[in-house]
Amino acid sequence: MARLVIMGGGVSGHTAASFAKKWLGKEHEVVVVTPNSLWNWIPSNIFVGVGEMTKEDVTFPLAPVYEKAGIDYRQAKAVSIHPEGNAENDKEYITIEYTGQGKEGQIETLEYDYLINATGPKLNFDATPGLGDGKGQLGKHTVSVCTADHAIHASLELKAIAEKMKAGEKKRFLIGTGHGMCTCQGAAFEYIFNVDHFLKQEGVRDKATITYISNEYELGDFGVGGMHIKAGGYVTSGKVFAESLYVERGLRWIKRAHINKVEADKVHYETLDGSMHEEPYDFAMLIPPFTGVGIKAYAKDGSDMTDVLFAPNGMMKVDADYESGARGFENWSPKDWPSTLQNPTYNNIFAVGIAFAPPHFISKPMQSPNGTAINPTPPRTGMPSAMMGKAVANSICDMIKGVADKPTHTANMSEMGAACVASTGKGLLNGSAVSMTMYPVIPDYDKYEYGRDLNGTFGTIGLAGHWVKLLLHYGFIWKAKLKPGWTLIPE
Amino acid sequence: MKHIEQYQQSGYTPVPGKFVLFLRNCVVWQIIQFAWINLKMTILIVKSHH
Ligand SMILES: Cc1cc2nc3c(=O)[nH]c(=O)nc-3n(C[C@H](O)[C@H](O)[C@H](O)COP(=O)(O)OP(=O)(O)OC[C@H]3O[C@@H](n4cnc5c(N)ncnc54)[C@H](O)[C@@H]3O)c2cc1C
């Protein structure tokens, strides 16, 4: 009997665990180590953040789902990896620290035959003074929608400010990225439209100034170097599409910005030209930069070998070309990106979703004259993350079953698409959304004139996208609960 | 009269006209769009699995 241990039960880890258990059956063990008792459909946190959904709408308890599926669930966080075992025992293992199941704080070891790192991001609020609380958590000045609890807090703050506006006060809203090296602009993009919609519904939009602040070179960059779409007989940059959405809603924007300090009523920021500015606010939702979650690795003799398994940003090394970053933007190629997601040193370790270390940015690296890096880091959104989870589960199952001794499936972002639907409103007829797809995520200028397939890359606005978003919300939660037919719902 | 703000961000950006705004909420057209978006996404998913 082989044991597959999956660290992280989010989008990619849960997908990997569900498929691996289905394919391996009772003959082999699948163990998930994840610190939260609830599974969260993170994209819908946006709606929690404006009070349109509750925490219960976007989360469900993992324990009963895993019990029914026959997956061994440990409510714990992974602390360290020992890929060569220790002085007494050659067997590879991880250490975990329980966060629930009545064992809070207890440390255990867990042996594995195969290991998947799907631990997602550490929300690194402390990278910007004042954005964090100095202890790794969200600070007191701004709100976030990155977790369901953060989103509840955001909606309460939003409601409170709307009440003041109803009494006649004017308020300034600032939404965007809280650091020059953030990713996940899509979440801020969707949230700003939802805040605009919320304020309209409350009848106080005329009392609000809403500003988007971003580390993107141009709006619509999204950390993927922007994209082109066909519209109105033209091939148009996504910048035009994005700016149009902002202007239509009366939103202003600040781009190429690195926020270097957050205070109670203003942020300080530097722009790519090296100039320093301040922007006042009454309500701010700023996305933090992401790093790896900080798992350590130790060799057989107990010496620290974290740098063998992980890149300096704490994300795990896989089969990417890590030398390619130094070759410069002009020489980057889709081939730099990982395919099997297997660790190059230990072939029974894999990393999926946000946990794998990208070889370099996708957007062009930029620096201000003061040496401040201001550019988005590569996103690994839900669809590619889930696809990576499934592909790696497939490879590992084949390796366990002896079908092959190396990975049989790939999930390379240069051969994968991504979809993003930014929706506002509630109900079937009261809503609108921007729907975008791109193929591939990593542009390939040797293959496509505009870097991407213009048939697979498109954007449209309207009620239909809002229906798609509802379909995705209910469909993915159904799938994650492993309800009948879950395998038919695509990642 | 309400007019665009010259020399501001909004003065340089295309905005949708009445017909486009109508189509965005026209249920019949949006049902067609719904099918179209789903088809596009399905093709994307099929092309992405390896
Ligand atoms: C507000 C918001 C909106 C978004 N909207 C969209 C969208 O519309 N479409 C889209 O495609 N993507 C969207 N995304 C991105 C999407 O949520 C991520 O791409 C996806 O969740 C990444 O999956 P993952 O498995 O890598 O990480 P996660 O889903 O974050 O999962 C990581 C898991 O690992 C656990 N973990 C952390 N530390 C440890 C540890 N030490 N040991 C064990 N487990 C650990 C975490 O608790 C978590 O359960 C959005 C993100 C945000 C924040």
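## A tour of chains A and B and a ligand

Start by selecting Cys184(A), which lies in the loop between strand S10 (171-177) and helix H6 (185-201) of chain A. Helices (H or I, at least four residues) and strands (E, at least two) are DSSP runs, numbered from the N terminus. Before moving on, note that this is a predicted model, in which local features need pLDDT of at least 70 and side-chain atom pairs count only at pLDDT 80 or more, while totals for chains, interfaces and linings use all residues. Residues are numbered from 1 along each chain as its sequence is written, chains are lettered from A and ligands numbered from 1 in the order in which they are written, and side-chain values use heavy atoms, with hydrogens and water left out.

**Two backbone stops**

What is the phi of Cys184(A) near? Phi here is near 65 degrees, a positive value in a residue other than glycine. Next, select Tyr439(A) and Pro440(A): the peptide bond from the former to the latter is cis, with omega near -10 degrees. Pro440(A) sits in the loop between S23 and S24 of chain A. Most residues other than glycine have a negative phi, and most peptide bonds are trans.

**Where the chains meet**

Now show both chains. Their contact (heavy atoms within 4.5 Å) takes 39 residues from chain A and 24 residues from chain B. Together the two chains bury about 2,800 Å², 67% of it on carbon and sulfur atoms; buried area is the accessible area (1.4 Å probe) that two parts lose on being put together, summed over both.

Two salt bridges cross this interface. Such a bridge is a side-chain nitrogen of Lys or Arg within 4 Å of a carboxyl oxygen of Asp or Glu. Select Lys47(B) and Asp453(A) to see their side chains meet in a salt bridge (2.9 Å, N to O). Elements that give two or more residues to chain A's side include helix H7 (238-248), helix H9 (382-400) and helix H10 (463-480). The largest share of that side, six residues, comes from H10(A).

**Around the ligand**

Finally, select the ligand. Which residues come nearest? Of the 31 residues around the ligand (a heavy atom within 4 Å), Ser12(A), Ala78(A), Ile354(A), Arg380(A) and Gly382(A) come nearest. A polar side-chain atom of Ser12(A) is 2.6 Å from an oxygen atom of the ligand, and a polar backbone atom of Ala78(A) is 2.8 Å from a ligand nitrogen atom. Look also at Lys469(A), where a polar side-chain atom lies 3.2 Å from an oxygen atom of the ligand.

The protein covers 87% of the 990 Å² of accessible area that the ligand has on its own (Shrake-Rupley method, 1.4 Å probe).

Methods: A polar contact is a pair of N or O atoms within 3.5 Å; within protein, one must be able to donate a hydrogen and the other to accept it, and residues adjacent in sequence count only if both atoms are side-chain atoms.
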